[in-house]
Amino acid sequence: MAKRSRRIAIVSHCLLNQNSKPYLDALYPGIVNPVFHVLEREHFGIVQMPCPEVAYGGLKRWWQVVEQYDTPIYRGYCKELASNVVDQVEQYLANKDAAIIIGIDGSPSCGVHYAGSNSQWQGRPNVVDTKYPVAEGKGILMLELEKEFNARGLNIPKMLGIGLDIPGFDLKSIEGMLNEELKTVTGNMGLMGSKKSSP
Ligand code: SF4
């Protein structure tokens, strides 16, 4: 009997690897457990996107905002990454699998509804005690991802942002938020959580 759930979650890299966050920004030692607790229960497979900032800025990078990352070179790099991600994802979409993209709200690269933003930020990062500024809008990788789906004439999967880069975000809200979003993605397949999977 076929075991595939035909459900995939395309997730920002740091949800599975908090070691990729800027210094002091990691909220979990490794995996953001509440996200994967729900995805595992609902039998979603995981497609981990690459972290654009680690290769671009390294592990010693500062916490920057979208206006600082928004350069032709960084956009081009994110475009290339987005193209590689969509090369894979479009196979699942063609198979009519249920798909959700889970990014990081507040991130200048992976924000879905909110991205770190401040047009005044530049130079020496002397803003340690200032609350990280966030505004409505997408991060650069998410914008490029959206463009890539559009360029190929594909429907963009549902996009959800987990607000891990928004100051004061309530970590306890993750499970409830994800449960709600997954219902809209699985549609008439329903949620499977109450059923125990057979080995
Ligand atoms: S939010 Fe995106 S860019 Fe930032 S650490 Fe996570 S994967 Fe990397």
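Visitor: Where is leucine 24 placed?

Guide: In this predicted model, leucine 24 sits in the loop between H1 and H2.

Visitor: Why is leucine 24 called exposed?

Guide: Leucine 24 has 7 other C-beta atoms within 10 Å. A residue counts as exposed with 12 or fewer, so leucine 24 is exposed.

Visitor: What makes the phi of leucine 24 worth a look?

Guide: Its phi is positive, about 75 degrees, although leucine 24 is not a glycine. Most residues other than glycine have a negative phi.

Visitor: Which value does phi take at histidine 43?

Guide: Histidine 43, a residue other than glycine, has a positive phi near 60 degrees. Histidine 43 belongs to the loop between H2 and strand S2 (45-48).

Visitor: Why is histidine 43 called partly exposed?

Guide: Around histidine 43 there are 17 other C-beta atoms within 10 Å. Buried needs 20 or more and exposed 12 or fewer, with partly exposed in between, so histidine 43 is partly exposed.

Visitor: And isoleucine 31, what makes that residue partly exposed?

Guide: The count for isoleucine 31 is 14 other C-beta atoms within 10 Å. With buried set at 20 or more and exposed at 12 or fewer, isoleucine 31 is therefore partly exposed. Isoleucine 31 is found in the loop between H1 and helix H2 (33-41).

Visitor: Which residues does isoleucine 31 touch, not counting residues up to four places away in sequence?

Guide: Leu16 and Phe36. The C-alpha atoms of isoleucine 31 and leucine 16 are separated by 4.5 Å, although the two residues are 15 residues apart along the chain.

Visitor: Let's turn to the strands. Why is S1 called largely enclosed by the rest of the structure?

Guide: Five of the five residues of S1 are buried, so S1 is largely enclosed. Arg7, Ala9 and Val11 point one way from this strand, and Ile8 and Ile10 point the other way.

Visitor: How do you know that S1 and S2 pair?

Guide: Pairing takes at least two bridges. S1 and S2 have four bridges, in the parallel sense, so they pair. Valine 11 stands opposite glutamine 48 in S2.

Visitor: What makes S3 a partner of strand S1 (residues 7-11)?

Guide: They are linked over five bridges in the parallel sense. At least two bridges are required, so S1 and S3 pair. In this pairing, isoleucine 8 is opposite alanine 99 of S3.

Visitor: How many bridges join S3 to strand S6 (residues 158-162)?

Guide: Five bridges join S3 to S6, and the strands run parallel. Isoleucine 102 has leucine 160 as its bridge partner in S6.

Visitor: How do you know that strand S3 (residues 98-104) is largely enclosed?

Guide: Seven of its seven residues are buried, so S3 is largely enclosed by the rest of the structure. Ala98, Ile100, Ile102 and Ile104 point one way, while Ala99, Ile101 and Gly103 point the other way.

Visitor: Which residues have the most contacts inside the largest nonpolar core?

Guide: Among the 47 residues of that core, they are Ala9, Ile10, Val35, Val85, Ile100, Ile102 and Leu141. Helix H5 (residues 72-94) gives the most to this core, with seven residues. Isoleucine 102 has contacts that include Ala9, Val35 and Leu160.

Visitor: How do you know that the span of helix H6 (residues 140-151) agrees with what the helix should span?

Guide: At 1.5 Å a residue, the 12 residues of H6 should span 16 Å, and the end C-alpha atoms are 16 Å apart, so the two agree. The buried residues of H6, including Leu141 and Phe149, pack against H3, helix H4 (66-69), H5 and S3. After H6 comes glycine 153, with a positive phi near 70 degrees.

Visitor: What makes up the shell around the ligand by class?

Guide: Five nonpolar, five polar and two charged residues. The residues around the ligand include His13, Lys21, Glu53 and Cys110.

Methods. Residues are numbered from 1 along each chain as its sequence is written. This is a predicted model: local features need pLDDT of at least 70, side-chain atom pairs count only at pLDDT 80 or more; totals for chains, interfaces and linings use all residues. A residue is near a molecule or strand if its C-beta atom, placed from the backbone, lies within 6 Å of it. Ala, Val, Leu, Ile, Met, Phe, Trp, Tyr, Cys and Pro count as nonpolar, Asp, Glu, Lys and Arg as charged, and the others, Gly among them, as polar. Helices (H or I, at least four residues) and strands (E, at least two) are DSSP runs, numbered from the N terminus. Two residues are in contact if their C-beta atoms, placed from the backbone, lie within 7 Å. A nonpolar core is a set of buried Ala, Val, Leu, Ile, Met, Phe, Trp, Tyr and Cys residues joined through C-beta atoms within 7 Å. The expected span of a helix is 1.5 Å times one less than its number of residues.
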